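Subject: Structure handover

Hi,

Here is the structure I promised to pass on.

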Amino acid sequence: MSYEIKTGNKQAEPLLWTGDFYNEGTGSGDIFDTLKEECGVFGVFGHPEAASMSYYGLHALQHRGEESAGICVANGRDFNYHRGMGLVKEVFDKDKILSLVGDMSIGHVRYSTSGDSRLTNAQPLVFKYRDGDLAIATNGNIVNEPLIRRELESSGSIFQTTSDTEVLAHLIARSPKDFVDAAKDALRQLVGGFAFLLMTNDKLLVASDPNGLRPLVMGRVGEAYIFASESCALETIGAELVRDIQPGELLILDKDGMTEDRFAEPQRKALCAMEYIYFARPDSDMNGANLHAARKRMGSRLALEGFVDADIVTGVPDSSISAAIGYAEQTGIPYELGLIKNKYTGRTFIQPSQELREQGVKMKLSAVRRVVEGQRVVMIDDSIVRGTTSRRIVNLLREAGATEVHVRITSPPFKNPCFYGIDTPDRRELIASHQSIEEIRREINADSLAFLSPEGLIQSIGGLSGGDYKGGLCLSCFDNDYPTQVDFGGAEKEGCSC
């Protein structure tokens, strides 16, 4: 079967690697056109090996941020901390971990938008203020940060980073109240999606935004409390999952134990749907739903909504494997490993040649010719952003001999930017915002294309408390229905930066 690789008259793509570290300055120029999570956080309270536990916990959260990593430890008197650019295993070694002595710690892995890849923005951010030391780690995005920053700067504040997390430190430091009340007041001023860990020399505060947009869970190992962006990080250190942190909740941990409080009343529950679709690891649980099981149900529902007769089903690794298995089980079409991911191309210090950049997708994915040759293939993927990666993968399968390639997406069309902690392109760059499904099909060179419906997505995830609006999910990237205000009179951000 003949086919056409559509290139148009677009300009040559920018370099994939433009600095010493993977993702440094790449932003929308990344040849692998996927959505990027902002951050992952991990906290320990009441364990003598807090630093080591944070190290292993951050390893489990590495998929949430590959750009920088950091750990800050408190011992009741002062802080010890280390941060660096790169993966967790590159930033920390045995000696560095041994130097971080204390029974309370917070850790962070980060991905940032283009231009903000710098050590000064690596978290946890550490400050000196009137009551001693303060360290902050967050996952998410403060939508009204530019407005708050502008007001603080006009009254004399001097910022040391471009991270929106720093505004919280300034708001706390300027308050005459004690630390806990100052933190409550400061958190109430923030609009957006965020999961915060705030640590002083003798306290750990844990907070989730009033809509619960960003995930955060609590666990226990012995008498120690553990907090993490995903439950898979608890499993890594042998901790037991206790519960999710609730919207607007504030936990206060100190020498007297843990106090359950809140800084705001819960608003419309709106956990990010993309956590279920793409970001979180399949062995994580969120709000009572296991990610692998939820993705299998998405694939099964997608088979009911968008069945096509074919010979094999394959998933784009790794996030779409579970859904592909669900699609195959529902249809009876065999699941095959038609695409293989090269797990060692994520980081490099070598500038690839022009030829390699043009063949960039082959550096990350390979089609198994003996599996797909002469076959009608159903390719399952989690989303289509600009369409460039989908086109590359479809053509990769065709080059390997697939006679037909039918694309099925386990999310609705991605039409709107996210303001809550996912690095998404401008709306004009989102292909679904200005092209029909048929136009997208032609653009990505597929024989057919179908997306999962919003109703199918909500029902597939399940496990959420009954009666919640839209199943307790944020679907704004699909339906433009944002759970918070996102327009602040021109002071809103163009991108995200935790």
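This is a predicted model: local features need pLDDT of at least 70, side-chain atom pairs count only at pLDDT 80 or more; totals for chains, interfaces and linings use all residues.

Residues are numbered from 1 along each chain as its sequence is written, and side-chain values use heavy atoms, with hydrogens and water left out.

**The chain overall**

You'll find 17 helices and 25 strands in the chain; these are DSSP runs numbered from the N terminus, with helices being H or I of at least four residues and strands E of at least two. Of the 498 residues, 59% are buried (under 20% relative accessible area, with exposed meaning over 50% and partly exposed in between, using a 1.4 Å probe and protein chains only). Contact below means heavy atoms within 4.5 Å. Taking contacts between residues at least 6 apart in sequence, 70% join residues at least 24 apart.

**The cores**

A nonpolar core here is a set of buried Ala, Val, Leu, Ile, Met, Phe, Trp, Tyr and Cys residues joined through side-chain atoms within 4.5 Å. The largest one has 46 residues, and M274, Y276, Y420, L457 and F478 have the most contacts inside it. Elements giving two or more residues to this core include α8 (273–279), α9 (291–305), α10 (321–331) and α16 (454–461). Apart from it lies another core of 30 residues, F159, F179, V180 and L205 among them.

What does L457 touch, leaving aside neighbours within four places in sequence? Its contacts are A273, I277, M298, T410, P412, L452, L475 and F478.

You'll see L452 in the loop between β24 (448–451) and α16, and it is buried, with a relative accessible area of 1%. Not counting residues up to four places away in sequence, L452 touches M298, R301, L302 and E305, and also I409, T410, S411, P412 and L457.

**Helix contacts**

Axes are lines fitted to C-alpha atoms, for helices over the stretch in contact, and angles run from 0 to 180 degrees between N-to-C directions.

The axes of α9 and α10 come within 6 Å and cross at roughly 45°. That is why α9 counts as oblique to α10 (under 35 degrees is roughly parallel, over 145 roughly antiparallel, 65 to 115 roughly perpendicular, and the rest oblique). Residues making the contact include R295 and G299 of α9 and I325 and Y327 of α10. By class, the contact of α9 with α10 has six nonpolar, seven polar and three charged residues (Ala, Val, Leu, Ile, Met, Phe, Trp, Tyr, Cys and Pro count as nonpolar, Asp, Glu, Lys and Arg as charged, and the others, Gly among them, as polar).

α9 also meets α16: their axes come within 8 Å and cross at roughly 145°, again in a right-handed crossing. Among the residues in contact are M298 and R301 of α9 and L457 of α16.

Finally, α4 (residues 145–154) passes α5 (residues 166–173) with axes within 10 Å, crossing at roughly 45°, and this crossing is left-handed. E145, I148, R149 and L152 of α4 meet V167, H170 and L171 of α5.

Cheers

Notes:
A crossing is left-handed if the near helix is turned anticlockwise from the far one by less than a right angle, and right-handed if clockwise.
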